[in-house]
Amino acid sequence: MSVPVFKVRRVEAVQGTLDELGTPLRDVTFVVFDLETTGGSAAEHAITEIGAVKVRGGEVLGEFATLVDPGGPIPPFISVLTGITDAMVMAAPKMPEVLPAFLEFAAGATLVAHNAPFDMGFLKAACASGGYPPPANPVVDTADLARRVLTRDETPNCKLATLARLFRSVTDPCHRALSDAKATVDVLHGLIGRVGSYGVHTLEDLRSFVRAPTPEQQRKRHLAQSVPGAPGVYVFEDAKGEALYIGKSSNLRNRVRSYFTASETRPRVREMVGIAESVRSIVCATALEAEVRELRMIGAAKPRYNKRSRFPERVVWLKLTDEPFPRLSVVRDLKDDHGTYLGPFSSGRLADEARAALHEAIPLRQCTQRLSPRVHRSACTLAGLGRCGAPCEGRESEGEYSRHVESARHAMERDPEVVVSAIETRMRRLSAEQRYEEAAVDRDRLAAYVRTAARMQRLRSLTAIPQMVAAAPAFDGGWDIHVVRHGRLAAAGVMPRGAHPVPYVDALVATAETVSPGPGPIPAASAEETECVLRWLEAPGVRLVRVDGTWSLPAYGAGRLRARMERAYQGLPGHQPREGKPLR
């Protein structure tokens with residue numbers, strides 16, 4: 001019987017280095033790619049060009065470049081931007097032919113793009129359309145990486161052209177796919193050189209680098225220690241006590257703590273945290289009070305890291321003047337001069353569009369000089385076109401002209417049907433003549449008018465009420481109570497569970513802010529504040545306690561047409577519904 005013999009070889013254990021816990025960047029194959037498209041929406045637009053460069057360890061392994069037939073015309077402004085015309089893509093392959101080759105080229109590699117969500121969105125849409133699963137490749141975004149690594153002193157922005165100059169790329173990006181991909185390769189190598197000082201040496205380190213809290217975030221965590229866990233407003237302040245950023249939350253402690261964790265990835269906010277030296281908190285009785293206080297404080301302090309609500313005074317209005325032969329004028333101030341106002345508009349362009357819509361339906365004069373029934377002037381071209389009754393020449397008396405004024409006032413404040421009917425009739429005629437671009441201009445004018453009229457009528461329904469007291473059930477069984485005067489939050493309080501409401505309501509009303517209304521549709525607060533109050537009033541469970549006056553909307557107001565306006569825009573690139581709370 002033979003006995004098996006086993007040879008034992010001595011193996012010396014060697015401890016692995018930290019680099020071996022991941023894939024070293026020198027061994028990673030990157031496919032740096034760029035797409036040119038017919039627009040900005042992956043759902044509505046198509047790819048016109050793909051360019052990609054495969055690199056590993058700083059060495060170029062291959063290139064991929066092709067034009068793509070998008071299956072439709074390329075918009076003129078896109079052709080101007082990229083230089084890609086309809087004639088150039090006429091003989092190019094379509095996306096179903098190109099996609100398999102690109103996926104094979106990128107197989108097993110890490111995909112890199114500048115502003116990767118844009119390019120990956122189009123790539124995933126193409127895969128879905130062609131029946132392919134979405135790419136499972138790891139993705140690195142050089143734009144995100146640059147925001148994480150570079151400072152404002154080094155570069156004013158993180159655009160590809162700016163970074164290419166910073167890292168002295170041998171290729172200038174020019175909105176052509178392969179050139180932009182080559183420039184992105186140089187930017188990627190420059191950024192990899194920078195992140196080495198942060199201990200990033202593997203692909204896993206690189207992908208988690210952007211998501212990790214910055215050193216500044218980690219060092220500033222102590223700023224959240226003294227923040228209470230109550231509803232209110234928080235203010236990040238610099239060393240001089242200047243407000244950097246103002247926000248609100250139903251739980252201040254939890255919200256402020258989130259700024260010092262990996263969940264906070266916004267580059268500007270991370271930059272703000274690095275500057276902040278303190279966090280001041282203002283505890284509020286209710287969530288609505290916190291929301292309103294935030295709006296007021298942002299408008300007053302104008303913190304440089306808040307994007308929205310910083311300049312409530314910059315809105316404009318469309319005014320039907322109070323003068324002989326009134327006209328429509330775009331103004332910034334509300335005055336107690338018996339003028340009729342429509343607004344507020346966020347820009348003069350929108351106000352001009354609404355004015356054009358009114359002029360299409362009502363023959364108000366469009367000249368800017370003051371007129372007098374006794375002094376006549378020569379009429380302009382609009383009179384010859386039948387668009388104006390020429391009161392300047394005396395062809396139309398004040399009495400006759402006043403009918404147009406009343407019609408305009410009624411359309412602005414009550415029923416917009418005369419404007420809607422006139423614009424839609426014109427749009428149907430233009431569409432029948434295949435003048436679609438002109439019809440789209442009229443559509444935008446009508447939408448600007450209807451949306452703003454609906455908003456103003458909704459605001460005025462509340463601002464016309466001298467005082468309203470309302471209550472909503474709180475989480476602990478009590479009641480949140482608010483006093484609203486002319487659309488302005490005048491007082492906020494909480495009534496404990498089981499307490500008699502009358503003494504609490506009386507005390508809150510007695511101590512509420514005295515509100516002296518000014519002129520116009522929003523006489524005591526900003527439009528955003530009144531809209532906050534309206535959203536709260538319309539929430540489930542809110543009960544009206546006292547109302548001095550009548551809370552109502554015009555029966556045939558513009559609000560009934562809002563949904564129709566939104567449907568006209570559905571499916572258009574970049575359209576977002578206008579309903580909902582504005583982001584700040």
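Residues are numbered from 1 along each chain as its sequence is written, and side-chain values use heavy atoms, with hydrogens and water left out. In this predicted model, local features need pLDDT of at least 70 and side-chain atom pairs count only at pLDDT 80 or more, while totals for chains, interfaces and linings use all residues.

Helices (H or I, at least four residues) and strands (E, at least two) are DSSP runs, numbered from the N terminus. The loop between α12 (287-301) and β9 (316-320) contains Val315. Val315 is partly exposed, because its relative accessibility is 24%; buried means under 20% relative accessible area, exposed over 50%, and partly exposed in between (1.4 Å probe, protein chains only). Beyond its neighbours within four places in sequence, Val315 is in contact (heavy atoms within 4.5 Å) with Arg332, Pro344 and Phe345. Ser347 is 32 residues from Val315 in sequence, yet their C-alpha atoms are 6.5 Å apart in space. Pro344 belongs to strand β11 (residues 340-345) and is joined to Gly343 by a cis peptide bond with an omega of about 5°.

For Lys302, in the loop between α12 and β9, phi is about 50°; Lys302 is partly exposed, as its relative accessible area is 25%. For His338, in the loop between β10 (328-331) and β11, phi is about 70°, and a relative accessibility of 68% makes His338 exposed.

Helix α13 (residues 348-361) packs against helix α16 (residues 417-432) at an angle of about 85°, and their axes are 8 Å apart. Axes are lines fitted to C-alpha atoms, for helices over the stretch in contact, and angles run from 0 to 180 degrees between N-to-C directions. The two helices α13 and α16 are therefore roughly perpendicular; angles under 35 degrees count as roughly parallel, over 145 as roughly antiparallel, 65 to 115 as roughly perpendicular and the rest as oblique. Ala357, Leu358, Glu360 and Ala361 of α13 meet Val418, Val419, Ala422, Ile423 and Arg426 of α16 in this contact.

The lining of the second largest pocket includes at least two residues from each of α5 (142-149), α9 (215-219), β7 (243-249) and α11 (267-275). The largest share of this lining, 7 residues, is supplied by α11.
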